[in-house]
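My notes follow the order in which I looked.

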Amino acid sequence: MQLTMASSLQPWFLLLLLPLLSLVLSLAAPAAVFNDNFVAVGGTDANHLVNQGTSVRLVLDRSSGAGFSSKVAYGSGWIQMRIKIPAGYTAGVVTAFYLTSEPEYGDHDEVDFEFLGNVEGKPVALQTNIFLNGKGEREQKFDLWFDPGADFHEYKILWNPYQLVMFVDDTPIRVLKNLTPGQFLVRPMKIRGSLWDGSDWATDNGKYRVDYNRAPFTAVLQGFDVYGCPATGGAPCGSLSLSWNAIRSLTPAQEAAYKNAKSKYMTYDYCTDKSRPNFHLPGECNNN
């Protein structure tokens, strides 16, 4: 009965239900703690990844950064995390929340939120990137309409066979349609978070580097419930999967918010960068 009801609803209406369903599920059960679904993979000395149950502090200093990974890989999902990045002078510091297949390098799939630190008085750039079959170079950058180091905000990824949508709070900032059925993000991916030194490229192409005299730099991440379909083994998909896997498009209100975010806050788009070596317009640029 649940499957019949979900399949009869319009996909755009299902997308409206996602935030409500997330809220209902969060009220129905205690929030997951870090150890339920995640494990430390970097900075495991407890000084760089500080596990506080329902939140984790990632710390970068001269000796190390920190990172974590979901215990299992997923084949689709409604993935979200609340993040407060390091504040103040953060040039060279990269805070990342992303999905990746394994091995993480070479021929792999990846979906990135990356916060690129900056000098004081200048905005932190949010860069998104997508790797398909090992090929990335699909960067888009935004100067957000708020300071991501001042408070927590939600960063979300809707991933299903039809599309990938990346949200900041409830605003879509990136949409990638599936133009190649059977080849679109088909590898199982794990959920990752990390804080690391990107001095060589992150701030003005490496002009400003991490100043360790200002360390430690600390990011805090919350929200360790995972609404996803494990690729192999693990717990079966919850009822929410019926809605996320059916969504094929944005709602009209989300489409308007998406266009507004791109026109007002996007500072770089790989689709329009004709200065790139061997530039050619990727096929997805005409359909997203």
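**Entry 1: the annotated site**

I kept in mind that this is a predicted model. I began with the record. Which residues does the UniProt annotation "active site" cover? According to that unreviewed entry, they are Glu 110 and Glu 114.

I looked up Glu 110. It belongs to strand β7, which spans residues 110-116. Buried or exposed? I asked this of Glu 110. Its relative accessibility is 9%, so Glu 110 counts as buried, the cut-off being under 20%.

I then listed the contacts of Glu 110, leaving aside neighbours within four places in sequence. Among them are Tyr 98, Leu 99, Thr 100 and Glu 104. Asn 129, Ile 130, Phe 131 and Met 189 are also in contact with Glu 110. I noted one polar contact as well: the side chains of Glu 110 and His 108 are joined at 2.7 Å.

Next I turned to Glu 114. This residue is found in strand β7 too. Glu 114 has 11% relative accessibility and therefore counts as buried. I left aside its neighbours within four places in sequence here as well. Its contacts include Val 94, Thr 95 and Ala 96. They also include Ala 125, Leu 126 and Gln 127.

**Entry 2: the aromatic pairs**

How many aromatic pairs does the structure hold? I noted 13. I picked out Phe 34 and Phe 224, which form an edge-to-face pair. Their centres are 5.4 Å apart, with 85 degrees between the planes.

Why does this pair tie together parts that are apart in sequence? Phe 34 lies in helix α3 (residues 34-37), while Phe 224 lies in the loop between β14 (217-222) and β15 (227-230), so the parts tied together are 190 residues apart in sequence. I found both Phe 34 and Phe 224 buried.

I also looked up Trp 145 and Phe 146, another edge-to-face pair. I noted 5.7 Å centre to centre and 85 degrees between the planes. Trp 145 is partly exposed, with a relative accessible area of 33%. Phe 146 is buried, with 17%.

Which residues do ring pairs link into a cluster with Phe 34? I wrote down Phe 38, Phe 68 and Phe 224.

**Entry 3: a charge over a ring**

Last, I looked up Arg 214. Its charged end sits over the ring of Tyr 89. I noted a distance of 4.1 Å from the ring centre.

How values were computed. Residues are numbered from 1 along each chain as its sequence is written. This is a predicted model: local features need pLDDT of at least 70, side-chain atom pairs count only at pLDDT 80 or more; totals for chains, interfaces and linings use all residues. Side-chain values use heavy atoms; hydrogens and water are left out. UniProt positions are given in the numbering used here, feature names are shortened, and annotations may be inferred rather than shown by experiment. Helices (H or I, at least four residues) and strands (E, at least two) are DSSP runs, numbered from the N terminus. Buried means under 20% relative accessible area, exposed over 50%, partly exposed in between (1.4 Å probe, protein chains only). Contact means heavy atoms within 4.5 Å. A polar contact is a pair of N or O atoms within 3.5 Å; within protein, one must be able to donate a hydrogen and the other to accept it, and residues adjacent in sequence count only if both atoms are side-chain atoms. Rings of Phe, Tyr and Trp (its six-membered ring) pair if their centres lie within 6.5 Å; planes under 30 degrees apart count as stacked, over 60 as edge-to-face and the rest as tilted. A charge sits over a ring if NZ of Lys or CZ of Arg is within 6 Å of the ring centre and within 35 degrees of the ring normal.
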